[in-house]
Every structure is written in C-alpha cells, then in structure tokens.
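The sequence and structure come next, followed by the computed description.

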Amino acid sequence: MGESVSTLSYGSWPSPVDAALAAAHDGRPDDVAFVGDEVWWTAPRPTEGGRRTLVRRHPDGTEEPVLPAPWNVRSRVIEYGGRPWGAVQTDSGPLVVFVNFADQRLYAFTPGGGEPRPLTPLSTVGGGLRWIEPDPYPERGEVWCVLEEFTGEGPTDLRRVPVAVPLDGSAAGDRGAVRELAPERHRFVTGPRLSPDGHRAAWLAWDHPRMPWDGTELIVAEVGPEGTFQDARTLAGGPEESVAQADWAPDGTLLHVSDRTGWWNLYRDGQPLCAREEEFGGPLWKLGQRWFAPLDSGLIAVLHGRGAAVLGILDPETGEVVDAAGPWTEFAPALAAHGERVVAVGASAHSGFEVVELDARTGRARVIGAPHEDATDPAYYPQPQIRTFQGPDGRDIHAHLYPPHNPGCRAPDGELPPYVIWAHGGPTSRAPLVLDLEIAYFTSRGIGVAEVNYGGSSGHGREYRNRLREQWGVVDVEDCAAVAVALAEEGTADPERLAVRGGSAGGWTSAASLAGTDVYACGTILYPILDLTGWGTGETHDFESQYLESLIGPYAEVPDRYTERSPAQHAESVTAPFLLLQGLDDVICPPVQCERFLERMAGRGVPHAYLTFEGEGHGFRRAETMVRALEAELSLYAQTFGLTPPGVPTLELSR
C-alpha cells in the first residue's frame, strides 16, 4: 500500500530537512586547478569552524584533504578574497603556495614534506599585508601574486600592486625582500598572467569610483630582463567597458571578456569570437574568477548563457559553441584546463555543486570530485519554476519560484501558502537556480520561496544591470514587491502572509522594503547595509567604499538622497516584525549599522529580535551559526503567520 498523505496547514508540515542538515551542506567547492595531471580545489568545512581546506584528487580517483585544521585557505584581499592558492608539479612533488586566513600570510609546502612554511611577513599597520592569486614560478625562485598593503589604520589606507615573493622564505621576516613587479598605477589590480613565451604579462585594473563591472582596463606589459613590467599599455576597457577576465592562449594570442557591446563576450587580440546577446563573463566579486579557459588545441572552454551559465566548448574559428552534456544547468566561474581536459564546478536544481571534468576531444563529462549525495530523500527537494514577472513601466523581472512541496503533506482545500521573497546580495549579482537546502528547509514545511533577480542583477546584459544606477532602494524594492503582489493576485500566495528576506545588499533591500512598502507582514535582515551616509563615508571596506556613487549617486552632489533612502533614517515607518542577524567581525557591513537602526526602533513596540555571532564576518560560515539563524527565521514566520512547525525553538521577540 502507498503511503498516506496528511492534510496539514501550510508551515506545519514535518520535514527531514532540518537546520543542521542544511548547514552541513552549505558552501561549494571552488578554486579548481590542475597540479600536473591531478585536479585540486578548495572545499568548505562548516562543521570545522567554517574553514576552507585544500583537496587533492589522486590519479586513482580518491580525494584527500591536504591541509588539516586549523589551516584555512582563504584570502581577505578586497575582503571578498578570490583564488587563495596555486601550485606546480616539481621533481620532488607538488609545490603549493596558499594564503592562510588567520594571519593572511603566504605559505609554501610540499605534501608529505613537513609543515607549511611562511613566505611573507606580518605587519602591525592597519589590516596588515594580504596576498591573492599566487602563481609559483620555481624556475624564477618566486611566486607572483597581488599584494594588498595597509599604509594606515583606516579601511581605505592601502595600496595594491603585483609582486614577486621569494620562494626561499627570505621575505618571511622582511617586507623589503618582496619585489614589486610594476609601479602602483591603479587602486585595484588582478594577478598578472604570464604569456607562454614569458615575455609579456597581462592583468586587469580599475579605480574608484568604478566597480569592476562598471569599467576596467586590460593592461599588457613587457617582462624585462630583471623580471619587472615595462612599457605597460591599455589594450581594452575603459570607464564604461568592463573586462572581466584576460588570459593567454597557448599560441600567444590574448583572450579577454568584455561587455563593450552590452554583453560580456569573448575576444581574441581584440576581435570578437562569438558575438551573442549572452554573457560569457560576470561581475568580478573575487579576484581570480574564470569564465573561460584556453585549450592546447586552440578551442576554448567557456561559461555562457542568459541568467544561468552553462559549460561549453567554443571553436574560435567558426564561433560555434557545443555545450557539455549532463545534468548540470549552472556553473560557477571557476574553470581550469590542462591539455584537452577541462574542470569546472557545476550544479542543478536537483544537485549541489560538484567538480566536473569535461574531455574536449570526446565531449564526455563526468563528476570527479565533491560528488553530490542526497542528504535526504530527494522527494523533499524544491521543485522550482523559472518565471518572468512584469514590474513598473512593464519592465521584465526575472525570478525563481519554489512552491511549497512535501510528498507526505498537502494543505486544506482553499488555503493559500505563505511566501518569502528572497533578495540576493551584491546587488550586482544574481541568485543561481541550484539545489539549496536552506530553501528546502522552508518549502518542505509548506512555506514558498521566490528568489528575485531584480533590475540591476547580472546575467541579463549591461542594460539590465544599469537599471539600478542611482536607483538602489527604488528599483530593487519595487521589483521584489511586484513579484510578491503578482503571486498574491494570481492566487499562488496568501497576500496576508508575505515576508521579505536577504543578506548584505539583500538585507538592505529587505529593510528598505519594510520601511517603504506595506506588502510584507515581516522580514529577515542578515548582515545588512542600513545607513547609506555612514556606509559611504568610512564605515565599510575599500573595495565597496564608493560603490554608492553609482548605486545612489555622487555623495557630494546628492547627500540628501543618502538620507532619504536609508532604512535607519526611517525607523518610524517599520511596523512589521523583523529578525536582524549580524556577524560581529563583519567589516563590510559592520554591527554599528544594526545598532544605530535599533536605537531608532527603541520604544516603538515593533516585535523584533537581534542575534549576533562572535567569530562571524560577512556571510555565515559556521554550522552552529547557520542552525541558529535558520531556526530563528522559521520561528519569526511561525509567530507572524500563525504557523505551527514541529520541533522549532521559539524565538523571543522584543518590543
């Protein structure tokens, strides 16, 4: 006999997807690369203090973490980091260079050859010395990378420059032994890429107030006899042209991705290879992200698409792209190639991110690392829908809809489900359509989720991204509200049980939505921006310190706009219950923003809770934090919507 289906109200369905399960599967493999014929990558360890380790795949297919706790392979350059390790195969085995998160020093080691040894010194000035995109060159006796060096105590007192660090450890106690490869010309630089003949180097650079998705420059220089960069010149890019990646092909031609046509497309020595209204690149939030990888045959592995990014092989002579066959519908910007082998990090709506290898000669793709394993019965996974809604002025709004879903439960006839509108961070980013057990945590209990890729999101061309220029706090709020209202009007969601939720820039959108609309019954706000004036005048890190110049407008010209749009300035307009979650080590959206907001909420009688977490920065990485945050969020919805989820601790709300 088949199992019976229980009739229970939305939000009260029992589910095997608990908060601990969701937390244990948070994060994804990243920073994939070949070391000789082997594939290595970094991997999350949420149950080990949220650290990232380095994983090695042996020729027999077995995986081995090569750095035990407490080593944490992660850089803080531009605070979002990027590729924190590099390696080459030598006669004595792999030579690995990596950044350790705790002290931000570069370390070198050979697996089985003893403890990692430091290559760089510590500094007591400001945030110290930080390093990223290390590329070891044993024949030169150096590792090339980017140095971020604080020159004072303020968050913007720093410089960035490409450097060469001695591999012999002579710079471990001597900053003077670090050789600068080029003069400091730009505020931001990516790691230099050396041409196959060793005679030229290429890198990206940009300056305030631009963000890298607004405008970057592709710079090429000659490598002089002493190993310094000479005759640097700009080959592409500018204030309104974003070059997202550059790399050399094996034949010495230079490849780069530019959005000069309004779409990030691929170019070879300045000539377009596949002119399409698709994205072959994305916003450079982390240094070292890779959307393409040249192969020895002359073909190029690419990520491309509108919205989702899929893996394909581009023939630059014909412009034809052949996509990899397989279940993966979304790939992270982490590609590497060796000969005709390509490794990538792919996922789908029914599987988490895993390491995928594609043989460009045969077209065969297979999982070779971090394989997805169903943490529970996949019958409880969300069943997403790709939707396009109409916003103000008839503009399109892209969204992913995750209706309530549980194979063992149904709701009483006539009952409409509660829905939570998720606003992604960035805001120049997007929500990928992949299996997320945090979403399953809610949908399997009878709470719907709608991820909104509001105007300003990436993946849909520069015009779509530019919708948010000087309109942050307007377009994002309007688009999320339009999706919520549309779901209610079409009978998908209960109009009285709508919530909004987001972290970082999504936390801003959530707070601004509670302050500026009456659509939502409650909201969850994670590590948010709440006060634009403070955030734009010294309360955040250097990378985003002038982001608001484009999102809001030049502060010197429109200071009142910064006040008008800030939720912290409109606390009296917030009447719906809310949950505020904050990491106490967050230097991007510091706790002072939350504290200022709560001071203005004091005595107003609005039910709320403020949970802080020691040791957490911008974005939660520790399993115990994620469990507490998820359970608190569900309790907020339960109390606001009148739900009875079994086994969830009650969140105490203050007034």
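R260 is partly exposed, with a relative accessible area of 36%, where partly exposed covers the range between buried (under 20% relative accessible area) and exposed (over 50%), computed with a 1.4 Å probe on protein chains only. Its salt-bridge partner is E241, with the closest N and O atoms 3.0 Å apart; E241 is buried, at a relative accessible area of 13%. Because R260 lies in the loop between β20 (254–258) and β21 (265–268) and E241 in the loop between β18 (229–237) and β19, the pair ties together parts that are 19 residues apart in sequence.

## Basis of the values

This is a predicted model, in which local features need pLDDT of at least 70 and side-chain atom pairs count only at pLDDT 80 or more, while totals for chains, interfaces and linings use all residues. Residues are numbered from 1 along each chain as its sequence is written, and side-chain values use heavy atoms, with hydrogens and water left out.

## Salt bridges

The structure holds 45 salt bridges, each defined as a side-chain nitrogen of Lys or Arg within 4 Å of a carboxyl oxygen of Asp or Glu. In one of them, E133 and R83 meet at 3.9 Å, N to O; E133 lies in strand β10 (residues 129–137) and R83 in the loop between β5 (63–65) and β6 (85–90), so this pair ties together parts that are 50 residues apart in sequence. Both E133 and R83 are buried. Strands here are DSSP runs of E with at least two residues, numbered from the N terminus.

R160 and E148, which are both buried, form a salt bridge at 2.8 Å, N to O. R160 and E148 also belong to one network, joined through shared partners, that includes R76, E79, R130, R187 and D542.

## Cavities

A search of the whole structure finds two cavities of 30 Å³ or more, a cavity being a set of points, on a 1 Å grid over the protein atoms alone, where a 1.4 Å probe fits but cannot get out, with lining residues having an atom within 4 Å of a point. Volume is the space filled by probe spheres set on the points, which are joined across faces, edges and corners. The largest cavity holds about 170 Å³ and is lined by 15 residues, among which E133, T190, Q245, A246 and G288 lie nearest its centre.

The second largest cavity has a volume of about 110 Å³, and its lining includes W213, D214, R465, R469 and Y547.

Methods. 1 Å grid on protein atoms, 1.4 Å probe; cavity = no way out; pocket = protein on both sides within 12 Å on 5 of 7 lines; lining within 4 Å. Helix = DSSP H or I, 4+ residues; strand = E, 2+ residues; numbered from the N terminus.
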